[in-house]
Amino acid sequence: MPSLDSCSKPSSEEEAWQNRLLSNIHISDEHLNALLRLSAGSRDERGYIKIIVTIRCFVPQAFEDRHVSDELAQDIFNLAIDNTVKEKLRSIESIHGYGWNVDSSPTGDRHLVAYWYGQEEPELPEAIRYVPFVELRKLHYDPLHW
């Protein structure tokens, strides 16, 4: 009898297919900026974009001759957004890490906190600058010499 874990985890074949689908999604800087500015009303309780019409502009109905459900499309699409933002943050030398936070947001929205160390606050790439989704927080110690 299969364990309960096998019911909730995708098989390695399914996971590989989902990873190929994810790598097939490309979000331009212009689109990323607009997506990050969507209001809380366009998001679910996890902070994920929930407007399926928007999601389907980026995630196809079918991929490699397999149907992509709306639920999977939403998860994959939001993971693509997260990965794109993190990729942009990794390009900034003074940013040493990032993590999710809900508590410090005045609206209770989920957002990414990027931790930086140095003399001057880093300038974010234009696509993620001035968006409520990304927050910069200064570290008060050098993480490389902790």
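**Figure 1. Surroundings of R46 in the predicted model.** In this predicted model, R46 touches Q74, D75 and R110, not counting residues up to four places away in sequence. The residue is placed in the loop between α3 and α4. The pairing of R46 with R110 spans 64 residues in sequence, while the two C-alpha atoms are 7.1 Å apart in space.

**Figure 2. D44 in the loop between α3 and α4.** D44 lies in the loop that separates α3 from α4 (52–55). With a relative accessible area of 15%, D44 is buried, since buried means under 20%. When residues up to four places away in sequence are left out, D44 touches K50 and Q74. Q74 is also among the residues that R46 touches.

Figure 3. The structure holds 1 cavity of 30 Å³ or more. The volume of the largest cavity is about 40 Å³. Its lining is formed by L35, L36, R43, G47, I49, N78, I81, D82, R110 and F133. Which helices each supply at least two residues of this lining? They are α3 (29–36) and α5 (70–90). The largest share, 3 residues, comes from α5. Sorted by class, the lining has 5 nonpolar, 2 polar and 3 charged residues. R110, one of the lining residues, is also in contact with R46.

**Figure 4. The buried side of α3.** Helix α3 contains the buried residues L32, N33, L35 and L36. These residues lie on the same side of α3, because they cover an arc of only 165 degrees around the axis. The elements that cover the buried residues of α3 include α4 and α5. Two of the buried residues, L35 and L36, are also found in the lining of the largest cavity.

**Figure 5. The largest nonpolar core.** The largest nonpolar core has 33 residues, of which I27, V59, F77 and V85 touch the most other members. At least two residues of this core are supplied by each of α2 (12–23), α3, α5 and β4 (111–116). Helix α5 gives the largest share of the core, 8 residues. Apart from neighbours within four places in sequence, V59 is in contact with L21, I25, V68, A73 and F77.

Figure 6. S94 is found in the loop between α5 and β3 (95–101). Is this residue buried or exposed? S94 counts as buried, because its relative accessibility is 19% and the limit for this class is under 20%. Leaving aside neighbours within four places in sequence, the contacts of S94 are with Y115, W116, Y117 and P122.

Figure 7. Most residues other than glycine have a negative phi. E64 has a positive phi of about 50 degrees although it is not a glycine. D65, likewise not a glycine, has a positive phi of about 60 degrees. E64 is placed in the loop between β1 (62–63) and β2 (66–67), and D65 lies in the loop between β1 and β2. E64 is partly exposed, with a relative accessible area of 41%. D65 counts as exposed, because its relative accessibility is 84% and the limit for the exposed class is over 50%.

**Figure 8. The fold as context for the close-up views.** The secondary structure of the protein comprises 5 helices and 5 strands. Along the sequence, these elements follow the pattern α-α-α-α-β-β-α-β-β-β. The protein has 146 residues, and 38% of them count as buried. What share of the contacts between residues at least 6 apart in sequence joins residues at least 24 apart? The share is 52%.

Technical notes
Residues are numbered from 1 along each chain as its sequence is written. This is a predicted model: local features need pLDDT of at least 70, side-chain atom pairs count only at pLDDT 80 or more; totals for chains, interfaces and linings use all residues. Side-chain values use heavy atoms; hydrogens and water are left out. On a 1 Å grid over the protein atoms alone, a cavity is a set of points where a 1.4 Å probe fits but cannot get out, and a pocket is an open set with protein on both sides within 12 Å along at least five of seven lines; lining residues have an atom within 4 Å of a point. Grid points are joined across faces, edges and corners, and a volume is the space filled by probe spheres set on the points. Helices (H or I, at least four residues) and strands (E, at least two) are DSSP runs, numbered from the N terminus. Ala, Val, Leu, Ile, Met, Phe, Trp, Tyr, Cys and Pro count as nonpolar, Asp, Glu, Lys and Arg as charged, and the others, Gly among them, as polar. Buried means under 20% relative accessible area, exposed over 50%, partly exposed in between (1.4 Å probe, protein chains only). Contact means heavy atoms within 4.5 Å. The arc is that of the directions from the helix axis to the C-beta atoms. A nonpolar core is a set of buried Ala, Val, Leu, Ile, Met, Phe, Trp, Tyr and Cys residues joined through side-chain atoms within 4.5 Å.
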